[in-house]
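Subject: Structure handover

Hello,

Here is the structure I promised to pass on. Please open it beside this message. My notes follow below.

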Amino acid sequence: IRSDPIRSDPIRIKKCPLICKRQDDVDTSLLSTNYLAHFGFVSIAELDALPQIEQQQQILPVIEVIKVYGKMAGPTCFGKVAPKGSSCQITASELKKELGISTSSSSSGEDRVRITKEEISDALEALPFQWPLKPYGRDKSSDKTAVINKGAETYLYMDQLESRGLYDRRNPTGPLPTSLRPQLNGILQKEGLKGVTVDRMFEILSSNGSGSDSDGDRYVTNESIENLPMFRDEDGLRKDSADYFDFVRLLGSDSISWD
């Protein structure tokens, strides 16, 4: 057993000299090509002949997590309404409405029974962005979230304000950071989402339920939205809405770059 510095899990290598001369000297089923190249188990020329290995999950910058959640979340905030310029929670019914997914097989107009990645991309880009709030406390105290009015990832919010020239913390007479949300929202809305963010969201939204057809094409449906893990509590019971922390857990904190 050897440990791959690029992977956290152990990998198995068949016994072979330090520099293996033939591809079949190495058990490539559990190795990444960058590992093989780094340690010289195969030559550069042989890398092209290796079996294709599934790419590792793409890492999302935290600002992209904020942007996509801030588009999908609405003003509903633990029984209250989020302040102007802010979003708070996602409900399954609202998410389906935003994406144009019908709950009926006899849908008409703009609503569709299933939607493709391209349609998801168009829908997400069209949704207005509002910087999301950080859920306050736990359980019953969460209803104070709208009143506390603290944005998710405050350090990132402040960095965005300063790097874009909207705020100077050295100026004691400057505006309150929370009052600048509408301005920052507009800037981030114009920037849009990165392609990798849309890809990741489509992967998640289409992975629960009848998300593919006989040809292997994937799509998002009413069922795949309803079955999203973020709409389940710790006991697996259905819940009406999800918050920012639920969304981070859905993505997986290790799939996010927090820098």
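Helices (H or I, at least four residues) and strands (E, at least two) are DSSP runs, numbered from the N terminus. This is a predicted model: local features need pLDDT of at least 70, side-chain atom pairs count only at pLDDT 80 or more, and totals for chains, interfaces and linings use all residues. Residues are numbered from 1 along each chain as its sequence is written, and side-chain values use heavy atoms, with hydrogens and water left out.

Overall picture

The protein chain has 11 helices and 12 strands. Of its 259 residues, 41% are buried. Buried means under 20% relative accessible area, exposed means over 50%, and partly exposed is in between (1.4 Å probe, protein chains only). The chain exposes about 14,800 Å². Carbon and sulfur atoms supply 49% of that area. Accessible areas come from the Shrake-Rupley method with a 1.4 Å probe; for residues, only the protein chains shown count as cover.

Contact means heavy atoms within 4.5 Å. Take the contacts with a separation of 6 or more: residues 24 or more positions apart account for 57% of them.

Proline and positive phi

Pro175 sits in the loop between α7 and α8. Its relative accessible area is 41%, so Pro175 is partly exposed. Leaving aside neighbours within four places in sequence, Pro175 touches Tyr167 and Leu180.

Two residues in the loop between α6 and α7 deserve a look. Asn149 is found there, α6 being residues 145-148. Asn149 is not a glycine, yet its phi is positive, about 55°. At 19% relative accessibility, Asn149 counts as buried. Glu153 is in the loop between α6 and α7 too. Its phi is near 50°, again a positive value in a residue other than glycine. Glu153 is buried, with a relative accessible area of 17%.

Nonpolar cores

A nonpolar core is a set of buried Ala, Val, Leu, Ile, Met, Phe, Trp, Tyr and Cys residues joined through side-chain atoms within 4.5 Å. The largest one has 49 residues. Leu99, Ile225 and Phe247 have the most contacts inside it. Several helices each supply at least two residues of this core, including α3 (62-72), α5 (117-126), α9 (195-205) and α11 (244-251). The largest share, seven residues, comes from α3.

Leaving aside neighbours within four places in sequence, Phe247 is in contact with Val65, Val68, Tyr69, Met72, Met201 and Met230.

Disulfide

How many disulfides does a search of the whole structure find? One. A disulfide is a pair of cysteine sulfur atoms within 2.5 Å. Here the pair is Cys77 and Cys88, with sulfur atoms 2.3 Å apart. The link is right-handed, with 55° about the S-S bond. Cys77 is buried at 0% relative accessibility, and Cys88 is buried at 2%.

Salt bridges

Side chains of opposite charge can pair when their charged atoms come close. A salt bridge is a side-chain nitrogen of Lys or Arg within 4 Å of a carboxyl oxygen of Asp or Glu. By this rule there are 11 salt bridges.

Lys117 and Asp199 form one of them, at 3.3 Å from N to O. Lys117 lies in helix α5 and Asp199 in helix α9, so the pair ties together parts that are 82 residues apart in sequence. Lys117 is partly exposed at 32%, and Asp199 is partly exposed at 37%.

Arg164 pairs with Glu191, the closest N and O atoms being 2.7 Å apart. Arg164 lies in the loop between α7 and α8 and Glu191 in helix α8, so this bridge ties together parts that are 27 residues apart in sequence.

Arg170 pairs with Asp168, with the closest N and O atoms 3.1 Å apart. Arg170 is exposed at 72%, whereas Asp168 is partly exposed at 32%. Salt bridges that share partners also join Glu64, Lys67, Arg164 and Glu191 into one network.

Best wishes
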